[in-house]
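Please look through the model below before reading on.

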Amino acid sequence: MNIHSHATASIEADPSLPIIRITRDFTATVAQLRKAHVDQDLFARWVGPDGMDTRITAWDARDGGEWRYVAGRDGEEYGFRGCFHTVGDDVIVQTFTFEGMPDAVALETLRFEDLGDGRTRLHAQSLCDSIEARDAWLASGMEVGVDQGYAKLDGLLADGSVAP
């Protein structure tokens, strides 16, 4: 079931499994895209929808490390947390929990595919703990945060903020 798609990104829900798959191409090397996902200062600058301020409260980007951030806007705050299971050169495996739904833990796998010519394809898969939890994510408007966040990441990559 294709939920949202345009020229550079697609968000798809598997019809029979509680999985969300996101695919997005970037003008960046694998190393740059990985750095944007593991460097807490860079991550805070691009993650989430426009107008949200992200405050990192815990960040240990290594195998077995934890992470937590709070996104806020107009006096409202939303916490997210998880653990880094694997932080490799071209893959990151982590858990992801929205603190507003603390019992819903997803397993996320991010793979960075080198397309050559300074381009990298991000393959992100989120395995939710139920079809209902997956559908709640999709109904939350997550595609806005995904698209706007990745657009901000494009800007950071273009302006040299993410050194190779």
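What share of the contacts in the chain with a separation of 6 or more comes from residues 24 or more positions apart? Such residues account for 44% of them, a contact being heavy atoms within 4.5 Å. The model is predicted: local features need pLDDT of at least 70, side-chain atom pairs count only at pLDDT 80 or more, and totals for chains, interfaces and linings use all residues. Residues are numbered from 1 along each chain as its sequence is written, and side-chain values use heavy atoms, with hydrogens and water left out.

Four helices and nine strands make up the secondary structure of the chain; helices (H or I, at least four residues) and strands (E, at least two) are DSSP runs, numbered from the N terminus. Their order along the sequence is β-β-β-α-α-β-β-β-β-β-β-α-α. The radius of gyration, taken over C-alpha atoms, is 15 Å, close to the 15 Å that the globule rule gives for 164 residues, so the chain is as compact as a globular protein of that length. That rule is 2.2 Å times the number of residues to the power 0.38. Of the 164 residues, 41% are buried, where buried means under 20% relative accessible area and exposed over 50% (1.4 Å probe, protein chains only).

Helix α3 covers residues 131–139, and A133, R134, W137 and L138 are buried in it. Seen down the axis of α3, these buried residues fall within an arc of 140°, so they line one face of the helix; the arc is that of the directions from the helix axis to the C-beta atoms. E132 and A139, on the other side of α3, are exposed. After α3 comes G141, with a positive phi near 85°.
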